[in-house]
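Me: I have a structure open and would like to learn how to read its features. Could you take me through them?

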Amino acid sequence: MTMSVFHFNKDGYFIDDKKVKIVSGAMHYFRIFPEYWEDRLLKLKELGCNCFETYCAWNLHEKREGEWDFSGILDLKRYLELAQKLGLYIVMRPGPYICSECDLGGLPWWLLKDENMQLRCYYKPYLEKVKIYLEKICDIIRPFLITNGGNIIMVQIENEYGGVAEDRAYLEELAKYYREFGIDVPFATSDGEEEYMLRDGTFPEALKTVNYRWNSPRAIETLKRVFPDNPAGVMELWNGQQSHWEMKRLPKRDLEEVRYSVETALENADFVNLYMFHGGTNFGFFNGSLYYGDHFAVQLTSYDVQAPLNEYGKKTKKYYLEQKEICKVLGKPIVNETPEPNMTDYGEAELKGTMGLSELPSDCYYDTKSDKLLSMEQVDQAHGYIVYETKVNVGNKGCRLIFPELHDRAFLYIDGVLFKNYVRDNFFSADIDIFGEHTLTFFVENLGRAHAGRAVMHDRKGLIGEMKLFDKETEEYKVISDYNIRSYPFHKIPFTNTGYNELKKQVFYKYEIDLKPDGDTYLEVKGFVRGLVFINGFNLGRHYWNGPQKSLYVPESLLKDGKNEIIVFDVHASGSPKKVLLHGKQILLGITDVEE
């Protein structure tokens, strides 16, 4: 075991006394099944990189407070051991906030159970939770530090902090925790290319790095101007494009523009990290969202993000362009020996039955009675769907409902009949011509917590605030109370074929397909509106009828020899003809026809 020191000054980066050029690619263990880690890292080496970068996802490792998971896809120790075996340097980014277009930017949902919680700042109740998380992570990464004979050369503190706040005491407190837990490699911060972001998001001890998309010379020059004693470093060169549901087609990056940005980054900086090298998949409920004030955007299940190595591990045109630039700069021969992924067409699955959401057994949901509206977090619910039901008594002239905040989408039923569906940006009030006593039911979807901006601080899910009724006969306002709140966390889906298929309601559809696993595949659903897809009990993620993602990635290890069960949950059953296909074709409208 050879112990070394990684350090930096205005002249560059050094391991012991030798100057080094670090060329890295981002690849997150928690988005890639472990059996593919080595293949993807070998393709990173073939790209020419000598380093890789990974975030750590606190929200996955501690899904419920005090319950830790470092197994399977979350086995960080195994991931770092593999990287060390392959001789790759490592840049660690444990957060605690990571953005990464994931649910609450990587912070665990349960922090928001505390109504007074303040995130990403020097707030002691928050820092107490952070400290426990960082101790767990540091116990894993400490043996892999370059100072302990490993390959980790730097650890990032927080992420893009200058874009939301200026709280140096908070950043320095995080650094203190890391030092207390034995992290003795350099710290780094990364921020957008605006001067105020770079200035506000760091602290004196840290290496300052820049994140940007288009213009490498401009971004790096800004970094050098703001921090002249700091070596040029690029933590995120965005060589792709993250996107969201309900876009007609994904925006395409011009390949020559990407090539030029990589070429000029390598010319002007001795540390360059490509974000992403390989994106992977937002399985389950991992995706985040953004609310722009007049538009609500939900991140795709796919995290392909137009990376040079696509979602299922195929080298794209972008890969070969970047490989040429990196190998030229580092003086490496171009090598392409790793195998192409095997994608298999298994055919069409057969419909075996349907079941309504209301027919789930009682151990799949729980009820809360309350005199006021409560968020998901307040009823101890992490993800999934939540239903609010209440009774109202209306005079002879009808009423107007004054809505609370909606996070994120809702269907309003009056006496079990659909009245209207809503999304965050059109949920204000509704005039309703009903008289006497009626039951109002709101079925609400959590489509992923905010991953960026100040919305991260408070993006609780469900109906938030008070709902009021204006009775047009009495011309009086009344705060509606007495709710039955039913939580559907979707932690398991025990299916029973009941034949339920009422239109405009929430329905499960069970399919089966017999196959012999022989490669990864993609699963496409046709004729459905929006919801989730499970295969053999595993939550693949979300589906939307209008894309732009039209198929969900299925690693071979999720398939069984023989009968395979597929359950499609749809929030709004329609009469459209429905199909489920496993055809091995990635369908991301606007990308796959260009990048492959």
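Me: What volume does the second largest pocket have?

Reply: A pocket here is an open set of points on a 1 Å grid over the protein atoms alone, where a 1.4 Å probe fits, with protein on both sides within 12 Å along at least five of seven lines. A volume is the space filled by probe spheres set on the points, which are joined across faces, edges and corners. In this case the volume is about 660 Å³. The model is predicted: local features need pLDDT of at least 70, side-chain atom pairs count only at pLDDT 80 or more, and totals for chains, interfaces and linings use all residues. Side-chain values use heavy atoms, without hydrogens and water, and residues are numbered from 1 along each chain as its sequence is written.

Me: Which residues lie nearest the centre of the second largest pocket?

Reply: Lining residues have an atom within 4 Å of a point. Here there are 32, with Cys99, Glu101, Glu160, Trp238 and Ala452 nearest the centre. At least two lining residues come from each of α6 (195–200), β10 (233–238) and β11 (271–278); helices (H or I, at least four residues) and strands (E, at least two) are DSSP runs, numbered from the N terminus.

Me: And how much space lies in the largest pocket?

Reply: About 1000 Å³. Its lining has 38 residues, and Leu60, Lys63, Gly284, Phe285 and Asn539 are the closest to the centre. α2 (58–61), β31 (538–544) and β33 (562–570) are the elements that give two or more residues to this lining.
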